[in-house]
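Subject: Structure handover

Hello,

As promised, here is the structure for you to look at. My notes on it follow below.

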2 protein chains.
Amino acid sequence: MSNNKHNMLSEEMCYDLADFFKNFDDSTRIKILYALFQKEMCVSDLVRELDMNQSAISHQLRVLRQSDLVKFRKEGQTAVYSLDDDHVATLLEMGIEHIRHKNGYEEDNYE
Amino acid sequence: MSNNKHNMLSEEMCYDLADFFKNFDDSTRIKILYALFQKEMCVSDLVRELDMNQSAISHQLRVLRQSDLVKFRKEGQTAVYSLDDDHVATLLEMGIEHIRHKNGYEEDNYE
DNA sequence: TGTTTATATGAATAATTGTTCATATAAACA
DNA sequence: TGTTTATATGAACAATTATTCATATAAACA
């Protein structure tokens with residue numbers, strides 16, 4: 001099933017992986033994911049928490065939805081969003097650990 | 001030490017995290033990282049393995065170097081690159097797992 | 001029904017970025 | 001010293017994308 005001479009990932013998998021990680025390459029999406037890791041929230045909660053334009057939040061939520069990183073349910077007019085992937089927290093933690101290590105911190109509070 | 005009202009990551013950490021994950025948001029860099037996970041390689045090895053322009057490879061290696069994801073040593077004229085972060089393989093694996101789950105695969109060969 | 005509220009989304013714009021081309025550096029070697 | 005080989009890098013261009021503005025949808029409610 002290999003489409004490469006050596007031990008390489010398929011072209012398609014490489015693109016899919018890059019698309020997956022694109023979800024984490026923007027600080028607004030990082031903030032949204034971290035906020036939803038604390039607890040589920042509706043759009044206007046996130047607008048308040050991140051102090052950002054409602055449209056910007058909705059656009060980014062759509063990106064995260066399309067990658068199945070967040071899910072939502074409708075409650076009347078409000079849309080309640082929550083994380084839809086167990087790995088999100090672990091991924092963020094590994095990123096934080098890398099940055100701490102890179103910057104030479106032993107321990108620090110990033111909140 | 002918090003610069004936010006709630007339990008949020010600092011502005012700086014969010015930007016640093018986004019910058020860290022940018023390393024994984026491009027299929028060329030994914031290929032380079034995966035190749036270096038197999039074994040250390042020099043630039044021309046990667047050029048051959050990925051079948052790409054030498055300049056493109058060098059540019060991407062610089063990006064990865066600046067984020068401390070790869071390191072290199074000089075051996076004469078050649079530069080031998082290798083991974084410089086233990087988490088790279090785990091991160092890629094989590095991405096692959098997410099994609100498998102999303103696409104409904106139970107098990108598959110992506111090489 | 002008409003109004004308000006919550007959310008979604010298309011279009012436009014500005015900013016970022018991956019690749020290529022051309023060239024620079026510097027080691028190896030004739 | 002002059003040439004070849006390996007790698008690095010600046011400039012330019014094309015493509016992608018985050019945000020804003022304007023507007024659409026649709027639920028709640030007077």
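In these notes a helix is a DSSP run of H or I at least four residues long, a strand is a run of E of at least two, and both are numbered from the N terminus. With that numbering, α4(A) gives the most to the surface near DNA strand C, namely six residues. Please bear in mind that this is a predicted model.

DNA strand C

In total, 24 residues surround DNA strand C. The closest are A:Cys42, A:Ser44 and A:Ser55 from chain A, with B:Asn53 and B:Gly76 from chain B. Several elements each supply at least two residues of this surface: α3 (43-50), α4 and β3 (78-83) of chain A, and α4 of chain B. By class, the surface near DNA strand C holds 14 polar, seven nonpolar and three charged residues.

DNA strand D

Around DNA strand D there are 24 residues, of which A:Asn53, A:Gly76, B:Cys42, B:Ser44 and B:Ser55 come nearest. Here α4(B) is the element that gives the most, with six residues. At least two residues each come from α4 (54-66) of chain A and from α3 (43-50), α4 (54-66) and β3 (78-83) of chain B. The surface near DNA strand D divides into three charged, seven nonpolar and 14 polar residues.

Chain A against chain B

The two protein chains also touch: 41 residues of chain B are in contact with 41 residues of chain A. On the side of chain B that touches chain A, α1 (11-22), α2 (27-38) and α5 (87-103) of chain B each supply at least two residues. The largest share of that side is ten residues, and it comes from α5(B). Sorted by class, the side of chain B that touches chain A has 20 nonpolar, eleven polar and ten charged residues.

One helix pair across the two chains can be described in detail. Helix α2 (residues 27-38) of chain A packs with α1(B) at an angle of about 110 degrees, and the axes are 8 Å apart. Angles of 65 to 115 degrees count as roughly perpendicular, so α2(A) is roughly perpendicular to α1(B). The crossing of α2(A) past α1(B) is right-handed. From α2(A), the contact uses A:Ser27, A:Ile30 and A:Lys31; from α1(B), it uses B:Cys14, B:Tyr15, B:Leu17 and B:Ala18. Five of the residues in the contact of α2(A) with α1(B) are nonpolar, one is polar and one is charged.

Strands

Chain A has an open sheet of three strands in the order β1-β3-β2, with antiparallel pairing. Its edge strands, β1 (41-42) and β2 (70-75) of chain A, each pair on one side only. The antiparallel strands β2(A) and β3(A) are joined by six bridges, and A:Leu83 in β3(A) stands opposite A:Val70.

In chain B, six bridges join strand β2 (residues 70-75) to β3(B), and these two strands run antiparallel. B:Glu75 has B:Thr78 in β3(B) as its bridge partner. The hairpin of β2(B) and β3(B) has two residues between the strands, and B:Gly76 in this hairpin takes a positive phi near 65 degrees. B:Gly76 is also one of the closest residues to DNA strand C.

Regards

Technical notes:
Residues numbered from 1 in each chain as written. Chains lettered and ligands numbered in written order. Predicted model: local features only at pLDDT ≥ 70, side-chain atom pairs only at ≥ 80, totals over all residues. Contact = placed C-beta atoms within 7 Å. Nonpolar A, V, L, I, M, F, W, Y, C, P; charged D, E, K, R; others polar. Near = placed C-beta within 6 Å. Axes fitted to C-alpha atoms, helices over the stretch in contact; angles between N-to-C directions. Parallel < 35°, antiparallel > 145°, perpendicular 65-115°, else oblique. Left-handed = near helix turned anticlockwise from the far one by under 90°. Pairing = 2+ DSSP bridges.
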